[in-house]
Amino acid sequence: MLSGFDRPRLVILILLAVFAAWFLSPEETSSLSHSYAVCSSSGARVYTVDHVVPNAQCLVVDGSLILDIGSLDDIMERWVARGRLRSSLQIRYLDESSIVVPGLSDSHAHILEYGASRQLLLESAKTIKDAVALVRQYILDNDDILNNPSKFVEGSGWDTSWPVEEWPTSDDLDMDPVVRGRPVILQSKDGHAFWLSKEICALSSPWPSEIEGGVIMKDSSGNPSGVVLDKAQDLVQKPAPTEQDLLRHFSVTAKDVLSHGLTSVHDAGFKPVSLEFFTRQAAAGNLPFRIYGMRYFNENDPYWGNLSEPIINAGGGRLNARSVKIFADGALRSGGAALHEPYHDNPHTKGFMRVDPKVLADVVSKFFRDGWQVNIHAIGDYANGVVLDTFEAALKDVDITALRPRLEHAQILTQADLERVGKLGVISSIQPTHAISDMWFAEERLGPERVKGLYAFRSLLDHGSRLAIGSDFPVEDMNPLAGFHAAITRLSPEGQSPNGPSGWFPEQRLTRMEALRGMTIDAAYASFTEDSLGSLVPGKRADYVVLSQDIMTVPVDRILSTKVQATVVDGRVAFGQV
């Protein structure tokens, strides 16, 4: 019989074995030669995202690198000129409707959090009662939780945009006898709020009367009501994830990442446990896609930029962590975005900053001095202005291309700041699916004039800012084609918007090529990898995706029906088949 010490180790070993077997043995990898070509039977259906040869008939892969690009006749002629036999080049032909694009990147996401969120998902709940019912069913479906009332229950995805907009409370969870008395922590859809049971509130006490950069919601008696926002989430006591938790969460995410055609993901907030986990996985060769990590900065902790070395190209180029993630403010949904003027639907608040501007200015200049890329979460127009002031002061007399600062979200900006982003050389890390989620309540929250500066993608681009496109999964749909569709249409997947079928502020739409660049070469630039990733040119890594139809030409209402036929990383099939 296994001892208590041996059983967890065995579980971890089994999870590692299963994950490694899935990662190392994709179905079609063994049937591809070391060198091979992927060609369309007619026409140039390989989109290179390179201005020299924008489209080609064939892509030639040699090991993990791209060897050649061009027509079948041309690549074969060059193949023979290298002293090789024509018959030695394996050729795979695309389906007639299929295309090849560079491997897609998600420039802002949360990898382990996505895997964790799939355990108890609350997105389908339309009311507080619905959400509690989902928690109840989850407990009933999991005997280990049902039979152990002290076991923590964690879920995510609830949203206050219910028919009656209201904040949930601990009392709401206690209304259900199955849920009552258990430690429950439920994160909101935007990731900026926790809904807590009374047990968690008690475990995390004593609570301060207030916290800078956060909110502890109170009941009529002045006690915590069960919801905390932004920095107040750091006060919540919960168990650290185990190694088997992390492996399970990562495995769930990895399968979905590759099935959606993503070959690179920028993780927007490595905490120490995440950084250590991915460093271990990189050393073991267990990263099936590329990860660009932003290390989370807690302004209450000592500055560490001069004490820690960036991670560059670990695990054969699969892991990089050379940037820092700082939060300037909260989120628009939860009313934490810092605005110049009060909220239109709540004139008693302007939101709040999560970090003091003086502290921000101090640490940003230090991180730049010590060679770190600085990526700052900024939602409200006041927060974005403060961040741009900070960047402008810190970037004087420095090489902007060596630092590449990023505005994470860049959601609401004044006209002057829309112009300033490009002038400063700041990258705008945007999430188009946020726009189509928020468009239904944005004007009510911001008013008819200020809303014009929300998700102003075209204005950012036209004023010279480079756009790196992501999803913020699990907040929004991971599917990069959902972001592509939202960027070029400003419509919901059903083709709707508050402004009708022309789209929500259609003048802010991107072209298809601009959107594709934001998911490929410009995302690569934002992670310092444009020399090896982001476009299909000889000498770069052979990361590419085969799609079932041409997203660059099909009617927009057909884009979301596109299937990923293959995801290839370093020339080897990681999902599907070539």
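**Group meeting: strands, sheets and helices in a predicted model**

Let me start at a turn. In the hairpin of S23 and S24, two residues lie between the strands, and Asp570 there takes a positive phi near 55°. Helices (H or I, at least four residues) and strands (E, at least two) are DSSP runs, numbered from the N terminus.

Some ground rules. This is a predicted model, where local features need pLDDT of at least 70 and side-chain atom pairs count only at pLDDT 80 or more, while totals for chains, interfaces and linings use all residues. Residues are numbered from 1 along each chain as its sequence is written, and side-chain values use heavy atoms, with hydrogens and water left out.

S23 (residues 564–569) and S24 (residues 572–576) pair in the antiparallel sense, over four bridges. Two strands pair if DSSP finds at least two bridges between them. Ala566 stands opposite Gly576 in S24. S23 is mostly covered, with five of its six residues buried. Buried means under 20% relative accessible area, exposed over 50%, and partly exposed in between, with a 1.4 Å probe and protein chains only.

S23 also pairs with S22 (residues 544–547), again antiparallel and over four bridges. Ala566 is the bridge partner of Val546. Val568 in S23 is the bridge partner of Tyr544. Now look at the side chains of S22. Tyr544 and Val546 point one way, Val545 and Leu547 the other way, and all are buried. S22 runs antiparallel to S7 (residues 99–102) too, joined by four bridges. There, Pro102 stands opposite Tyr544.

Axes are lines fitted to C-alpha atoms, for helices over the stretch in contact, and angles run from 0 to 180 degrees between N-to-C directions. Inside this sheet, S4 (residues 58–62) pairs with S5 in the antiparallel sense over five bridges. Leu59 stands opposite Ile69 in S5.

S11 (residues 193–196) and S13 (residues 224–230) run antiparallel and are joined by three bridges. Trp195 has Val227 in S13 as its bridge partner.

On to helices. H8 has 17 residues and reaches 24 Å from first C-alpha to last, close to the 24 Å expected at 1.5 Å a residue. That expected span is 1.5 Å times one less than the number of residues. The buried residues of H8 include Leu246, Leu247, Phe250 and Val257. Just after H8, Gly261 takes a positive phi of about 85°.

How do H8 and H9 cross? The axes of H8 (residues 243–259) and H9 (residues 272–283) come within 11 Å and cross at roughly 75°. H8 and H9 are therefore roughly perpendicular. For the cut-offs: under 35 degrees counts as roughly parallel, over 145 as roughly antiparallel, 65 to 115 as roughly perpendicular, and the rest as oblique. Glu243, Leu246, Leu247 and Phe250 in H8 meet Val273, Phe277, Phe278, Arg280 and Gln281 in H9. By class, this contact has six nonpolar, one polar and two charged residues. Contact means heavy atoms within 4.5 Å. Ala, Val, Leu, Ile, Met, Phe, Trp, Tyr, Cys and Pro count as nonpolar, Asp, Glu, Lys and Arg as charged, and the others, Gly among them, as polar.

Last stop: Gln411. Gln411 sits in the loop between S19 (406–409) and H14 (415–424). Buried or exposed? At 5% relative accessibility, Gln411 counts as buried. Its contacts, leaving out residues up to four places away in sequence, include Leu332, His434, Asp438 and Tyr455. In H14 itself, the buried residues include Asp417, Leu418, Arg420 and Val421. The buried residues of H14 pack against H12 (381–394), H13 (400–403), S19, S20 (427–430) and H17 (457–462). Just after H14, Gly425 takes a positive phi of about 80°.
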